[in-house]
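Try each task before you read its solution.

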Amino acid sequence: MSKKPLKDTNKARRQFTDQFKKDAVQMLLDGHAASSIFDRLGLTGTNLLYRWKREQLRQSGPVASSLDSRVKELEAELKRVERERDILKKALSIFSRSD
């Protein structure tokens, strides 16, 4: 049996500056889709951006982590309120019909 050749592990890996990483994470925090950021910046690893985000939050300390969790809570609450609003709009249209 012949062995498969091993992958070339000596390939040069791309190095990103801290500023590049911060800018990429900021784009994610600004609401851009991760897939569009990958395409725009030429990134290949899908978890790379999220790893950079975790690292930046860890470096920022407990305040940034608590802010991130608070943002998630507020986003969930916003979705709930929007659903309630949509239900009320539909109910209003049903009850305001004049037959």
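Arg85 is partly exposed, with a relative accessible area of 41%; buried means under 20%, exposed over 50%, and partly exposed in between (1.4 Å probe, protein chains only). This is a predicted model, in which local features need pLDDT of at least 70, side-chain atom pairs count only at pLDDT 80 or more, and totals for chains, interfaces and linings use all residues. Residues are numbered from 1 along each chain as its sequence is written, and side-chain values use heavy atoms, with hydrogens and water left out.

**Exercise 1.** Find the salt-bridge partner of Arg85.

*Solution.* 
- Start with the rule: a side-chain nitrogen of Lys or Arg lies within 4 Å of a carboxyl oxygen of Asp or Glu.
- Asp86 meets it, with its closest N and O atoms to Arg85 being 3.0 Å apart.
- Asp86 is partly exposed too, at a relative accessible area of 32%.

**Exercise 2.** Which residues are linked with Arg80 in a network of salt bridges?

*Solution.* 
- Take Glu77 to begin with: the closest N and O atoms of Arg80 and Glu77 are 3.9 Å apart.
- These two are three residues apart in helix H4 (residues 62-95), so about one helical turn separates them. Helices here are DSSP runs (H or I, at least four residues), numbered from the N terminus.
- Next, Arg80 bridges to Glu84 at 2.7 Å, N to O; this pair lies four residues apart in H4, again about one turn.
- Put together, Glu77, Arg80 and Glu84 form the network.

**Exercise 3.** Work out whether the length of H1 agrees with its number of residues.

*Solution.* 
- The expected span is 1.5 Å times one less than the number of residues.
- For the twelve residues of H1 this gives 16 Å, and the end C-alpha atoms are 16 Å apart, which agrees.

**Exercise 4.** Where on H1 do its buried residues sit, and what do they pack against?

*Solution.* 
- List them: Ala24, Val25, Met27 and Leu28.
- They cover an arc of only 155° around the axis, so they are on the same side of H1; the arc is taken from the directions from the helix axis to the C-beta atoms.
- Their packing partners are H2 and H3.
- For a close look, pick Ala24: not counting residues up to four places away in sequence, Ala24 touches Ile37, Leu41, Leu49 and Trp52, where touching means heavy atoms within 4.5 Å.
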